[in-house]
Amino acid sequence: MKVSIAMANTMAVIAPRRFRDVVASRFVRPRVRQQTDTGREFLATLEAGWIEGPLGRQRIYTGGTGPSVFFQHGWEADAADLTSQAEHLLASGFRVVLLDGPAHGASEGEIATLPLFAEGIGAAAATLGQPFAVVAHSMGAAASVIAMSEGELVPQAFVALASPCSLSDNIAFQAGSMGLSGRAIRLMQDGIETRLKTPISRFDIARDAPAMTARALFIYGDRDVIVPASAGEKASQHWPGARLDIRPGLGHRGVLRDPGVLAEVARFLDGVRG
């Protein structure tokens, strides 16, 4: 076990309130604003603009004509993460709209949460019109479902790439994989719930899924160590008519640019478009 994890577990025992407050504060503050330089050239070919999001201006990139597809990245990433998907769908006759989430990429803000991401993509729909589809990765997918559940986002099709299902379960999965103790994990969940001022059980796709009307495709890699494929099994079981696709050999970010995934997403959206 790493020394830092051992120290965290010790802190959870001798100073639980301090531990809870520290981890909750870190949970809402992204350490970086982007993950990769791949895709910057494609972004430069699109029209860059702004929408007014929950924390100020949010960067958007738009291009093409046809049914609109919104793209929402995950935690500590930016619009470049979904450029392979967007470039593929642009060539297939869709209008693409890529968003930088609050406090991510070029957008304004210092903190980010699932509700803030949901407000941001809802603001994009209010500004640009409802999209035909949403393609989102990881936290961005979970936030998109929140926006849909609150009526701010009404797509006909939804593609979730490596999306967590339950926030509480995903915290436990990731923290447990790092070696944090059960006590530390419970304090972390409690601190995050306090920080969000909302019961943590609210953030669960399985809770919202039965009321969803968008046709949905959930794609996961079987080597994902951030979000296990079991999250997709749970989410898709509760979403009417949803399809689950688990890809061998892919990890959490592997689903972003894998040629097979790109082709499957295009086939799915073409099928919904008719």
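Select Arg59 and Tyr61 to begin: the charged end of Arg59 sits over the ring of Tyr61, 6.0 Å from its centre. A charge counts as sitting over a ring if NZ of Lys or CZ of Arg is within 6 Å of the ring centre and within 35 degrees of the ring normal. The structure is a predicted model, in which local features need pLDDT of at least 70 and side-chain atom pairs count only at pLDDT 80 or more, while totals for chains, interfaces and linings use all residues. Residues are numbered from 1 along each chain as its sequence is written, and side-chain values use heavy atoms, with hydrogens and water left out.

Next, select Arg273 and Phe94. The charged end of Arg273 sits over the ring of Phe94, 4.0 Å from its centre.

**The aromatic cluster**

Which residues form one aromatic cluster? Select Phe158, Phe218 and Trp239, which make up this cluster. The whole structure holds four aromatic pairs; rings of Phe, Tyr and Trp (its six-membered ring) pair if their centres lie within 6.5 Å, with planes under 30 degrees apart counting as stacked, over 60 as edge-to-face and the rest as tilted. The ring centres of Phe158 and Phe218 are 6.3 Å apart and the planes stand at 90°, so this pair is edge-to-face. Phe158 belongs to strand E6 (residues 157–161) and Phe218 to strand E7 (residues 215–221), 60 residues apart. Helices (H or I, at least four residues) and strands (E, at least two) are DSSP runs, numbered from the N terminus.

Phe158 and Trp239 form a stacked pair, with 5.5 Å from centre to centre and 20° between the planes. Trp239 lies in the loop between helix H10 (229–238) and strand E8 (243–247), and Phe158 in strand E6, so the pair ties together parts 81 residues apart in sequence. Phe158 and Phe218 are buried, and Trp239 is buried too; buried means under 20% relative accessible area, exposed over 50% and partly exposed in between (1.4 Å probe, protein chains only).

**The nonpolar cores**

Keep Trp239 selected and show its surroundings. Not counting residues up to four places away in sequence, Trp239 touches several residues, including Val145, Met148, Ile205 and Met212; contact means heavy atoms within 4.5 Å. The largest nonpolar core has 58 residues, and Phe158 and Trp239 are among those with the most contacts inside it. Such a core is a set of buried Ala, Val, Leu, Ile, Met, Phe, Trp, Tyr and Cys residues joined through side-chain atoms within 4.5 Å. Helix H6 (residues 139–149) gives the largest share of this core, eight residues. Another core, of 32 residues, lies apart from it and includes Leu46, Tyr61, Phe71 and Ala162.

**Asp208**

Is Asp208 buried or exposed? Select Asp208, in helix H9 (residues 205–208): its relative accessible area is 8%, and it is therefore buried. The side chain of Asp208 makes polar contacts with the side chains of Arg202 (2.9 Å) and Arg207 (2.7 Å). A polar contact is a pair of N or O atoms within 3.5 Å; within protein, one must be able to donate a hydrogen and the other to accept it, and residues adjacent in sequence count only if both atoms are side-chain atoms.

**Ser181**

Finally, select Ser181, in the loop between helix H7 (167–178) and helix H8 (182–196). Ser181 counts as partly exposed, at 25% relative accessibility. A polar atom of its side chain lies 3.1 Å from the backbone nitrogen of Ala184.
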